[in-house]
Amino acid sequence: MELSKEQILSYLLDSLPYRVVFADTGHVIRYMNREAKYHYYQVRGYSNLIGRSIFECHSDKSKDALIAAVEKLKNHGNEIYLGVSVRNERKYINPVRNEKGELIGYFERFELNQQK
């Protein structure tokens with residue numbers, strides 16, 4: 001079976017055990033992996049978020065933190081830890097850059113905060 005690069009990347013991201021939401025620099029959601037779609041559509045009750053503002057599913061406090069983090073990423077920052085969510089998940093924002101190093105977007109990543 002021949003797979004396209006897009007299919008391979010989608011399957012790869014769907015295999016991750018945490019939510020991944022990619023937004024462009026205009027804060028428009030362009031991709032959600034399977035775990036993110038389940039969380040936002042089934043658990044939180046949103047409908048299709050692809051092509052919509054990422055701020056539609058964030059509080060004002062989260063919006064301000066996200067805007068500030070993206071500004072840091074624009075200055076060649078790396079992954080930024082945003083804190084722990086109410087669901088006890090560590091929240092990160094990661095830059096996505098093109099071959100010239102220019103920021104083309106970012107993705108939010110959530111990991112279960114397991115404490116021993």
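Is Arg109 buried or exposed? With a relative accessibility of 10%, Arg109 counts as buried, where buried means under 20% relative accessible area, exposed means over 50% and partly exposed lies in between (1.4 Å probe, protein chains only). The model is predicted, so local features need pLDDT of at least 70, side-chain atom pairs count only at pLDDT 80 or more, and totals for chains, interfaces and linings use all residues. Residues are numbered from 1 along each chain as its sequence is written, and side-chain values use heavy atoms, with hydrogens and water left out.

**Overall architecture**

- The protein contains 3 helices and 5 strands; helices (H or I, at least four residues) and strands (E, at least two) are DSSP runs, numbered from the N terminus.
- Along the sequence, these elements follow the pattern α-β-β-α-α-β-β-β.
- The radius of gyration is 14 Å, close to the 13 Å that the globule rule gives for 116 residues, so the protein is as compact as a globular protein of that length.
- That radius is taken over C-alpha atoms, and the globule rule is 2.2 Å times the number of residues to the power 0.38.
- The C-alpha trace spans about 45 × 35 × 35 Å along its principal axes.
- Of the 116 residues, 35% count as buried.
- Among contacts (heavy atoms within 4.5 Å) between residues at least 6 apart in sequence, 33% join residues at least 24 apart.

- E1 pairs with strand E5 (residues 103–112) in the antiparallel sense over 5 bridges; two strands pair if DSSP finds at least two bridges between them.
- Within this pairing, Glu108 of E5 is the bridge partner of Val21.
- E1 also pairs with strand E2 (residues 29–32), in the antiparallel sense and over 3 bridges.
- Here Ile29 of E2 is the bridge partner of Ala23.
- The hairpin of E1 and E2 has 4 residues between the strands, and His27 takes a positive phi near 65° in it.

**Tyr31 in strand E2**

- Tyr31 is found in strand E2 and is partly exposed, with a relative accessible area of 23%.
- Not counting residues up to four places away in sequence, Tyr31 touches Ser10, Leu13, Asp14, Val20, Val21, Phe22 and Ile50.
- Tyr31 and Gly51 are 20 residues apart in sequence, and their C-alpha atoms are 8.6 Å apart in space.

**Salt bridges**

- Side chains of opposite charge can pair when their charged atoms come close.
- A search of the whole structure finds 7 salt bridges, each being a side-chain nitrogen of Lys or Arg within 4 Å of a carboxyl oxygen of Asp or Glu.
- Asp24 forms a salt bridge with Arg30, with the closest N and O atoms 2.9 Å apart.
- In this pair, Asp24 counts as buried at 17% relative accessibility, whereas Arg30 counts as partly exposed at 47%.
- Arg52 forms a salt bridge with Glu56, with the closest N and O atoms 2.5 Å apart.
- Arg52 is partly exposed at 28% relative accessibility, and Glu56 is partly exposed with a relative accessible area of 37%.
- Glu79 forms a salt bridge with Arg109, with the closest N and O atoms 2.2 Å apart.
- Glu79 lies in the loop between helix H3 (60–74) and strand E3 (80–84) and Arg109 lies in strand E5, so the pair ties together parts that are 30 residues apart in sequence.
- Glu79 counts as partly exposed at 39% relative accessibility, whereas Arg109 is buried at 10%.
- Through salt bridges that share partners, Glu79, Arg90, Arg109 and Glu111 are joined into one network.

**Aromatic rings**

- The whole structure holds 2 aromatic pairs; rings of Phe, Tyr and Trp (its six-membered ring) pair if their centres lie within 6.5 Å, and planes under 30 degrees apart count as stacked, over 60 as edge-to-face and the rest as tilted.
- One of these pairs is formed by Tyr40 and Tyr46, which are tilted, at 6.4 Å centre to centre and 55° between the planes.
- Tyr40 is buried, with a relative accessible area of 3%, whereas Tyr46 counts as partly exposed at 23% relative accessibility.
- Arg19 lies over the face of Phe110, at 4.0 Å from the ring centre; a charge sits over a ring if NZ of Lys or CZ of Arg is within 6 Å of the ring centre and within 35 degrees of the ring normal.
- Lys63 lies over the face of Phe55, at 5.3 Å from the ring centre.
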